[in-house]
Amino acid sequence: MAEPREESEPLLSRARGGSGRYCTPGVPAGSSVQVGPGAAARRDLCLDQAVVLIEDAIQYRSINHRMDARSLWLCRWYYSSTCQWILSLTIFLILALAFIETPSSLASTSDVRYRPAAWEPPCGLTEGLEALCLLVFTADVSVKGYLVGWAQFRKNPWLLAYLVVLLVSVMDWVVSLSLVCQEPLRVRRLLRPFFLLQNSSMMKKTLKCVRWSLSEMASVGLLLAVHLCLFTVFGMLLFTGGKQDDGQDKERLTYFRNLPEALTSLLVLLTTANNPDVMIPAYSKNRAYAVFFIAFTLIGSLLLMNLLTAIIYNQFRGYLMKSLQTSLLRRRLGTRAAYKVLSSLTPEGVGVKPRDVLQVLQKVQLDSDHKEAIVEKLHSRGDLLSAGEFQELFDTFDKKVAKERPPRPEYQSPFLRRAQLLFGHRHFDCLGNLMALGNLVTICVFLVLDADVLPEERDDFVLGILNCVFILYYLLEMLLKVFALGLRGYLDSPSNVFDGLLTVVLLVLEISTLAVYHFPHPGWKPETLGLLSLWDMTRLVNVLIVFRFLRVIPSMKLMAVVASTILDLIGNMRAFGGILLAVYYVFAIIGIGLFRGVVVLPANSSLAPSNGSAPCGSYEQLEYWANNFDDFAAALVTLWNVMVVNNWQVFLDAFQRFAGPWSKVYFVFWWLVSSVVWVNLVLALILENFLHKWDRRGHLEPLAGDAEASSQMTVELLFRDVLEEPTEEELMEKLSRHPHLQLCR
């Protein structure tokens, strides 16, 4: 390995008064050929620099890090799959500690009526695991700090916050041990989600976009608050008059008893969770009262809430595009810096040799398909690559690679060739879809016919025969497709792999059923043998048959677009899901601190099992005892139930009685963060994915082969067609200000 370069020494410099080409410091500008150990070391260093810069471009990473040989080795080691896997495992481990720390979630149920005593870890067990995690994070921030340098470290708020969070966590950890794990509050538990957020650049971008969008959200939020307050005052005046009928009085006592109760009732109505319950007492006596509640719902739920959704979508999309523009600039900077490094190896300092690019590609961590596509492009180029041609090579990152399908087997017999054409045709797939539909219909028919029959009394003779016939057809279909396409061609299609796997599982289950319970016959109700009863075996087979029906999705254009959108969301939602997980984590820890132990059985224990004296629709009558904050897992489920906002007024009322009226602030704030903000952000991403698939599908052409090949559309590629390419001047200006890549003018 080459000797490390001093940081004060520029990576590439321009000789004063020279021709403007880039050369190594200490080497005359007119030198065209360099020989000796120093030249070989310099060449190795330049190749290593190009490798790291291209890997930075692939991953949208910043190139503002050290460029000496030791730092390059450390950078590649840090970003290797092994190190990143260890870091991800550490983040998972420190977040998962909340499930076993006091209060432990290791109990079969969270219901206060039946919950057994959970196992509590001894003092020092979780603290020891946490210490290992903190050591890994200390090493992580140290490596990052060394690679970017102290000057850049001070300017990076995420790295500074990383250091502060680590220091606070270590101090709080020391306090825990000194108090023998009996401290009432662990501050570091609230800080743990930060380790997840700082490890993802997409999460950072998303958080930045949310922060930028808050001002626009706040304007509509203020309008919602004014709307809510005005109607609360109207409601108090309307239902607390001098002369009141029974409907007014019941409405007042139930929903408008005082100002906080009225405000809460209308806030819940804003989510339609208590509609029409909230207006029934007054509406039953006079239908004119419905105007008040309908007007409130029209203005608040249908107009203002949807306006908030539109603003969140529009503003967040704009800020996300701005953030992704920075990512595109990072990618272009990485490839341009790699070009400048490699061009310094040519005698004239202009252009890049294809053999140098091939050497770099051998070391770059890139999937083989994209490597092969770049190599194919490289073979069609000349002796030297210009900056534009070099950039075109690595535009491959933005395109999907379509693999060529394996060739079909060739048969000599005319009969076999005709059979191959028949069973390889798409109409044969349509026949298979019809058979799968027929199988599904038969299962549904028997489910309807046997709905009122107990499982042990059902006669599965006819359904067993039909399932056996359908499974034999599935097996025959699989074998005929293998005959027509060849084994490699059959396995090349994900749809065929899905079909084949389920067919093999169904065949194994059917053979096992016949071996244990013999062939179906009328009155086929044998005793349970082995691990599963006949009913369990039949039910498992039916479940797999229903699951196999998903094979029809690729055959239907609209369904295929929707399915591909869902698959893309699974990948694109990682950043959004990670932030939502962090929010859940923080609110769950806060909820445990505020409400742990407040949900208790009433003194009259007969109320819990019978609920005869509990008010209708109350926490006790609905038996919501498992929804509490007595441990971390229970807190997560309770927060989920509140986020869905179905019956969330039950939680508001219950915890107001259990913990006090201030508890409403916690739940309302959680509703704002989760349901109002985050659900709308997810909706924005779903809309953007679907519109892109529907209106702009195919804008990224495949590199070669089948134009119908599919690839996952990342968030970066989702907006690529509307992003602006950085100019040459912008790229060179950014490179000239690189802290460790000094380009002398």
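Tyr666 is buried, with a relative accessibility of 7%, where buried stands for under 20% relative accessible area, exposed for over 50% and partly exposed for what lies in between (1.4 Å probe, protein chains only). The model is predicted, so that local features need pLDDT of at least 70 and side-chain atom pairs count only at pLDDT 80 or more, while totals for chains, interfaces and linings use all residues. Residues are numbered from 1 along each chain as its sequence is written, and side-chain values use heavy atoms, with hydrogens and water left out.

A pair of aromatic rings is described by the distance of the centres and the angle of the planes. Here rings of Phe, Tyr and Trp (its six-membered ring) pair if their centres lie within 6.5 Å, and planes under 30 degrees apart count as stacked, over 60 as edge-to-face and the rest as tilted. The structure holds 44 such aromatic pairs. In one of them, the ring centres of Trp150 and Phe153 are 5.6 Å apart with the planes at 20°, so this pair is stacked. Both residues belong to helix H4 (residues 125-155), where, being three residues apart, they are separated by about one helical turn; helices here are DSSP runs (H or I, at least four residues), numbered from the N terminus. Trp150 is exposed at 54% relative accessibility, whereas Phe153 is buried at 5%.

Tyr666 also has an aromatic partner, for its ring and that of Phe629 have centres 5.8 Å apart and planes at 80°, so the pair is edge-to-face. This pair links distant parts of the chain, 37 residues apart, with Phe629 in the loop between helix H22 (607-610) and helix H23 (632-644) and Tyr666 in helix H25 (residues 663-695). Phe629 is buried, its relative accessibility being 0%.

Helix H24 (residues 648-659) has twelve residues and spans 16 Å from its first C-alpha to its last, close to the 16 Å expected at 1.5 Å a residue, the expected span being 1.5 Å times one less than the number of residues. Its buried residues include Trp648, Phe651 and Phe655, and the helix is followed by Gly660, whose phi is positive, near 125°.

Charges also sit over rings, by which is meant that NZ of Lys or CZ of Arg is within 6 Å of the ring centre and within 35 degrees of the ring normal. Arg657 lies over the face of Phe658, 5.4 Å from the ring centre, and the charged end of Arg66 sits over the ring of Tyr146, 4.5 Å from its centre.

Note on methods:
Helix = DSSP H or I, 4+ residues; strand = E, 2+ residues; numbered from the N terminus.
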